[in-house]
Amino acid sequence: MSDPPWRRPARPYTPGVPAWGVTRAQASERFASVPLESVSPQWAWGGSDGSGVRVCVVDSGIEGGHPVVGPVDLAMTAVTAEDGEVEMVPCEPTDRAGHGTACAGVIRSLAPGVSLSSVQVLTDGKTGSGPALVAGLSWAVEQNFDVINLSLATTRPALTAQLHELVDRAYFRRCALVVSAHNRPVPSYPWSFSSVISVASHDEDDPMTYYYNPAPPVEFHARGVRVPVAWPGGGTIRSTGNSFAAPHISGLCALILGKHPWLTPFQLKTVLFLCAGNTTGRLGGAHDETR
């Protein structure tokens, strides 16, 4: 088997062909396709536990060894150096506020086989600086995690351009960036950018039930109301918010990528759409019953 496309070196420039173009010989590479009617939840994640998939939670940290969360393979934290620059340094897998542990527990509950890593960018008050967010997210993208869960957003317009460039970079590096929408109807980022998988809450109890939203910027709705979540100290609580809807989709992405590791974020979004609880027409009819 040849290397996956995203690991191949860039094609050399061909004189006479515009930059980023291909010759007829280069364009002849064929790819397997799956009939749309074959893409079902069973096809997408049946039998998968997320093994082989690397998931990073960019948040307040993760409490390693928590009974619901399990091991944390890599933990980093954002530190401001004397010159004012933010650096990412290794740290113990601890949680300053509980928010990251809660998200990690949701992901682990859906995809128990994943490798979980933590990037700590929030303080004990569940707030953080823009430079810390950018540094932590940049580090996660550069590490080529398969799925990055970001259950936080910023309302600072000054960060818009920098975050937009960063999430686009994640998209083209094959990092599925799953981001929760803000809990209040205010302009915020980066969940509203099209290259991420944006998630808000529904109030049903089934962790595997999610819906496609035909009116973005929120693309999917997942469980996010009175969700049982892990909490520092080894316990659990129930909590509500879009923050806990996003890791449900992150867990599903991990299951799908565990079974179909070649999917790009573009293809992954398509699979999520085809398997959503309110998607009809999967069997070829325009009026198939909603599952």
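Where is asparagine 144 found? The legends below return to this residue in the last view. The structure is a predicted model, in which local features need pLDDT of at least 70 and side-chain atom pairs count only at pLDDT 80 or more, while totals for chains, interfaces and linings use all residues. Residues are numbered from 1 along each chain as its sequence is written, and side-chain values use heavy atoms, with hydrogens and water left out.

**View 1. Packing of helix 2 against helix 5.** Helix 2 (residues 99-110) and helix 5 (residues 242-259) pack at an angle of about 35°, and their axes are 8 Å apart; helices (H or I, at least four residues) and strands (E, at least two) are DSSP runs numbered from the N terminus, and axes are lines fitted to C-alpha atoms, for helices over the stretch in contact, with angles running from 0 to 180 degrees between N-to-C directions. Residues of helix 2 including Ala102, Val106 and Leu110 meet residues of helix 5 including Phe244, Pro247 and Leu255, where contact means heavy atoms within 4.5 Å. By class, this contact of helix 2 with helix 5 has nine nonpolar, five polar and no charged residues (Ala, Val, Leu, Ile, Met, Phe, Trp, Tyr, Cys and Pro count as nonpolar, Asp, Glu, Lys and Arg as charged, and the others, Gly among them, as polar).

View 2. Nine strands in the order 3-2-4-1-5-6-7-9-8 form an open sheet with mixed pairing, two strands being paired if DSSP finds at least two bridges between them. Strand 3 (86-90) and strand 8 (211-212) stand at the edges with a single partner strand each, so one side of each is left without a neighbour in the sheet. Strand 8 pairs with strand 9 (residues 220-223) in the antiparallel sense over two bridges, and tyrosine 211 stands opposite histidine 221 in strand 9.

View 3. Asparagine 144, in the loop between helix 3 and strand 5, has a positive phi near 60° and is partly exposed, at a relative accessible area of 39%. Arginine 174, in the loop between helix 4 (160-172) and strand 6, also has a positive phi, near 70°, but counts as buried at 10% relative accessibility.

Technical notes. Buried means under 20% relative accessible area, exposed over 50%, partly exposed in between (1.4 Å probe, protein chains only).
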